Amino acid sequence: MYLNFDKEVVSVHFETDNNQHFIDAFVEVACSTAFLEFAKQLAKIYNCEIKFETTALREGSVIKDFRILWKEKSIRVTIYGAILTALFYNPINHLLEKGIDKLFEDTELSDLQKESLRLDIEKKRCELESNYGLIKKQSDFFKAASKDDAITGIYFTSSRCDDRFTTPTINRSSFESYILDSNQLEPEELEDAIVVIDSPVISEKDYKWRGTFNNTPISFNVQDSEFLVKVRAGIYTFKAGMAIKCKLKYNRLLNDEGDVKMSDYVVKEVYELVVDSKNIVTDKGKRKDVKRQQDNAPNLFTYLDK
């Protein structure tokens with residue numbers, strides 16, 4: 001059973017040219033969908049079960065209200081509505097560089113409310129900053145809003161009993177700062193990835209190897225020429241269950257749901273072969289170990305600070 005505790009409502013306020021009381025219907029639907037998907041992702045981060053009820057659009061210029069209903073026995077975050085609107089007002093992908101302390105500088109909150117919000121967001125900071133679903137849905141919202149020239153600004157409110165939180169207006173000129181330039185993320189490179197080899201390429205033909213990484217089947221190229229020479233010379237042989245420890249690079253792409261999809265895997269360097277629980281260190285792996293020992297070795301300057 002879902003209940004509306006404390007008459008909690010969050011609202012999206014679309015400011016319009018000449019204060020007209022209508023906006024493009026498709027834009028409103030796209031914005032509402034993105035806002036609700038953002039809210040759903042946020043509820044997962046805070047481990048609570050909620051659903052939303054929508055009400056009729058209101059004039060002023062155009063206001064879309066959503067009632068928050070909480071599952072009866074769910075964990076309740078009493079300032080969830082304020083957290084939702086505060087985070088939606090601030091670009092999630094810039095949360096780290098803006099800093100938590102600056103998050104509520106221009107908002108109409110008491111010092112006690114600001115501190116409560118700050119602490120609640122700080123606790124979940126890592127999860128918020130690494131959740132690409134939030135970033136994608138926020139981007140989708142402002143990308144949709146930018147398609148209606150009648151929308152000149154947007155702000156958000158959260159009300160609960162007699163408490164009300166209102167964000168400053170985000171002017172149309174600032175929409176771009178919320179929109180992702182591309183769904184393509186920075187490639188990721190893992191220094192000590194473990195890849196189980198399912199199908200090695202022994203010949204010199206430019207075929208992709210097949211293996212398993214993080215329990216996911218992948219195809220990949222190997223760019224470690226030293227390793228490939230020994231594979232083709234028969235110095236390294238493969239059998240079922242054999243794995244390599246390697247530097248693995250891959251591209252990352254956000255899909256429409258905000259999930260990160262990996263592709264174009266490349267093994268840059270191979271450091272170890274793992275066979276029957278035994279580790280065979282490659283020449284490149286040995287050089288890496290020597291370098292690490294040298295980097296970690298104490299020198300004349302090591303204890304100067306002490």
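What we have is a predicted model, in which local features need pLDDT of at least 70 and side-chain atom pairs count only at pLDDT 80 or more, while totals for chains, interfaces and linings use all residues. Residues are numbered from 1 along each chain as its sequence is written, and side-chain values use heavy atoms, with hydrogens and water left out.

Let me begin with the rings. The structure holds 22 aromatic pairs, where rings of Phe, Tyr and Trp (its six-membered ring) pair if their centres lie within 6.5 Å, and planes under 30 degrees apart count as stacked, over 60 as edge-to-face and the rest as tilted. One of these pairs is F88 with F141, an edge-to-face arrangement at 4.9 Å centre to centre with 80 degrees between the planes. This pair links distant parts of the chain, since F88 belongs to helix α2 (residues 80–89) and F141 to helix α6 (residues 132–145), 53 residues apart; helices here are DSSP runs of H or I with at least four residues, strands are runs of E with at least two, and both are numbered from the N terminus. F88 and F141 are both buried, buried meaning under 20% relative accessible area, exposed over 50% and partly exposed in between, with a 1.4 Å probe and protein chains only. The two also belong to one aromatic cluster, whose members include F14, F35, F142 and Y178.

Rings also meet charges here. A charge sits over a ring if NZ of Lys or CZ of Arg is within 6 Å of the ring centre and within 35 degrees of the ring normal. The charged end of K124 is placed over the ring of Y46, 5.7 Å from its centre, and K288 lies over the face of Y271 at 4.0 Å from the ring centre.

Now to the salt bridges. The count comes to 18, a salt bridge being a side-chain nitrogen of Lys or Arg within 4 Å of a carboxyl oxygen of Asp or Glu. In the one between K64 and E28, the closest N and O atoms are 2.8 Å apart, and the pair links distant parts of the chain, with K64 in strand β5 (residues 62–71) and E28 in helix α1, 36 residues apart. Both K64 and E28 are buried.

D140 and K137 form a salt bridge at 3.8 Å, N to O, and both lie in helix α6, three residues apart, about one turn of the helix. D140 counts as partly exposed because its relative accessibility is 21%, whereas K137 is buried, its relative accessible area being 10%.

D276 and K239 meet at 2.6 Å, N to O. D276 counts as exposed because its relative accessibility is 56%, while K239, with a relative accessible area of 44%, is partly exposed.

Finally, which residues does Q41 touch, leaving out those up to four places away in sequence? They are N131, G133, L134 and E257, contact meaning heavy atoms within 4.5 Å. Q41 sits in helix α1 (residues 25–45) and is buried, at 18% relative accessible area. N131 lies in the loop between α5 (125–130) and α6 and is likewise buried, at 16%. A polar atom of the N131 side chain is 3.0 Å from the backbone nitrogen of L134.

Key: A polar contact is a pair of N or O atoms within 3.5 Å; within protein, one must be able to donate a hydrogen and the other to accept it, and residues adjacent in sequence count only if both atoms are side-chain atoms.
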